[in-house]
Amino acid sequence: MEGWYSRIMDLSSNHSFGVLFGQVLMQKKGLEFGHYPQNMVSIIHSKGDGRTMESFAVYPSNEDIEVTVNGKPVSNNPDFKSPANFEWKAKPYGYFRVNENETRINFTNVDGVSFIGVLGPPKPWGPNGEGPEGWIDHLPFLPLHWFVYSLGSELINYNWVNEKSGELLRGNQGLAHQEKNWGKSFPPAWIWAEGVDDPSCSSFAISLGVLSIETFDVPAHLIGYRSAAATLNFKPTNSLVTTKHIDGCSGKMNATVTSLGNKLEFEIETAPSTLETCLLGPTLDGFAPVCVESYTAIATFHVYKMTLSGYELIESKTFNNAALEFGGFYLCQEKSPCQLESNGMA
């Protein structure tokens, strides 16, 4: 599977949008392959008012999807160090076009809504195309990879139209987080979160959960934190998650991750009322109902640095209107909208 995701914040209105698209390219059919769509273009919308987000999606055929690099058909794997220059097109809905200077999004008539926008150049995770995984990006046996293209691109402008409700929104003041996943499938359980604080230019991105490798479920974490006080990257090769508590029913999670030089404590929470829309994610069977997400979470971080006397607190920071996603086994088992949707699709 291969998918791209952009979360776009309108800072003047607190509205947020998600643009998601991708394909599940099957090497081996899952048990329910054919039951769920193999391709998807989705737009999600949060009004920032504490209610659950709206989700809209269409499911183009393989024949209607075209991916080009530098205007030519894809012939090899991407070069991490080279500037991005590709287009993902789905007829008749539109395209997602990226080069080193901008991203252009133009998807129309996606289940009655349209999003057209321009983002500025990326704010990269690290130099020379480095992503959250570092060198493990290139390990072929991992079932899933995560690459953050931008931690906070400038929103140049956008137009949003909901033809069903008549809603029309425009803006030119905001930020965007952009990323890509590829591999076999989303994991059995995961937390995903990201946030940007515009005044301080601070940001974070988190992927935390369980990976299935062969017959084993292995805990995994990829965490990035950026501020004037610290630039931190945590992954299994350099750190340990020493505490973790996840409660999808209350919309809360907290964790502590520790490395030789730093410690990061964080808690992220959102109102359960914002988690009542089930979203589709890539599985071995196609795009299935697997997660819930909020764009109005509050994330609080405490950053520590190792000194001769132990870990010393160097910064505490709160991010408003952060994104928080519960997926797989981390969904609320007592009341999950994904259970209802899965039963409805069966």
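Modeller: What follows goes from the ring pairs to the charges over rings, then to the pocket, the cavity and the backbone. The model is predicted.

Across the whole structure, a search gives 20 aromatic pairs. One of them joins Phe86 and Phe96: the ring centres are 6.1 Å apart and the planes stand at 40 degrees, so this pair is classed as tilted.

A second pair is made by Tyr225 and Phe319. Here the ring centres are 6.4 Å apart and the planes are at 90 degrees, so the pair is edge-to-face. The centre distance is just inside the pairing limit of 6.5 Å. This pair also links distant parts of the chain: Tyr225 belongs to strand β16 (residues 216-226) and Phe319 to strand β23 (residues 310-328), 94 residues apart. Tyr225 has a relative accessibility of 0% and therefore counts as buried. Phe319, too, is buried, its relative accessible area being 0%.

The charged end of Lys180 sits over the ring of Trp182, at 5.4 Å from the ring centre. Lys263 is placed over the face of Tyr304, and the distance to that ring centre is 4.6 Å.

Next come the spaces. The second largest pocket holds about 740 Å³ of space. It is lined by 45 residues, and those closest to its centre are Leu144, His145, Trp146, Asn181 and Ser207. Strand β15 (residues 202-213) contributes the most to this lining, with six residues. Sorted by class, the lining of the second largest pocket consists of 31 nonpolar, nine polar and five charged residues.

The volume of the largest cavity is about 30 Å³. Its lining is made of Ser46, Arg51, Thr52, Met53, Thr274, Glu293, Ser294, Tyr295 and Thr296. Strand β22 (residues 286-307) supplies four residues, the largest share of that lining. By class, the lining of the largest cavity has two nonpolar, five polar and two charged residues.

The backbone has a few points to check. Most residues other than glycine have a negative phi, and most peptide bonds are trans. The peptide bond from Lys91 to Pro92 is cis, with omega near -5 degrees.

Asn128 has a positive phi, near 55 degrees, and is not a glycine. Its place is the loop between β10 (113-119) and β11 (144-162). With 61% relative accessibility, Asn128 counts as exposed. Gly126 lies in the loop between β10 and β11. Gly126 is buried, at a relative accessible area of 15%. Between Gly126 and Val148 there are 9.5 Å in space, C-alpha to C-alpha, and the two are 22 residues apart in sequence.

Asn321 likewise has a positive phi, about 55 degrees, although it is not a glycine. Asn321 is in strand β23, the strand that holds Phe319. At 21% relative accessibility, Asn321 is partly exposed, because the limit for buried is under 20%.

Past strand β23, Ser336 is found in the loop between β23 and α1 (337-345). Ser336 has a relative accessible area of 7% and is buried. A polar atom of the Ser336 side chain lies 3.1 Å from the backbone nitrogen of Cys338.

Technical notes
Residues are numbered from 1 along each chain as its sequence is written. This is a predicted model: local features need pLDDT of at least 70, side-chain atom pairs count only at pLDDT 80 or more; totals for chains, interfaces and linings use all residues. Side-chain values use heavy atoms; hydrogens and water are left out. Rings of Phe, Tyr and Trp (its six-membered ring) pair if their centres lie within 6.5 Å; planes under 30 degrees apart count as stacked, over 60 as edge-to-face and the rest as tilted. Helices (H or I, at least four residues) and strands (E, at least two) are DSSP runs, numbered from the N terminus. Buried means under 20% relative accessible area, exposed over 50%, partly exposed in between (1.4 Å probe, protein chains only). A charge sits over a ring if NZ of Lys or CZ of Arg is within 6 Å of the ring centre and within 35 degrees of the ring normal. On a 1 Å grid over the protein atoms alone, a cavity is a set of points where a 1.4 Å probe fits but cannot get out, and a pocket is an open set with protein on both sides within 12 Å along at least five of seven lines; lining residues have an atom within 4 Å of a point. Grid points are joined across faces, edges and corners, and a volume is the space filled by probe spheres set on the points. Ala, Val, Leu, Ile, Met, Phe, Trp, Tyr, Cys and Pro count as nonpolar, Asp, Glu, Lys and Arg as charged, and the others, Gly among them, as polar. A polar contact is a pair of N or O atoms within 3.5 Å; within protein, one must be able to donate a hydrogen and the other to accept it, and residues adjacent in sequence count only if both atoms are side-chain atoms.
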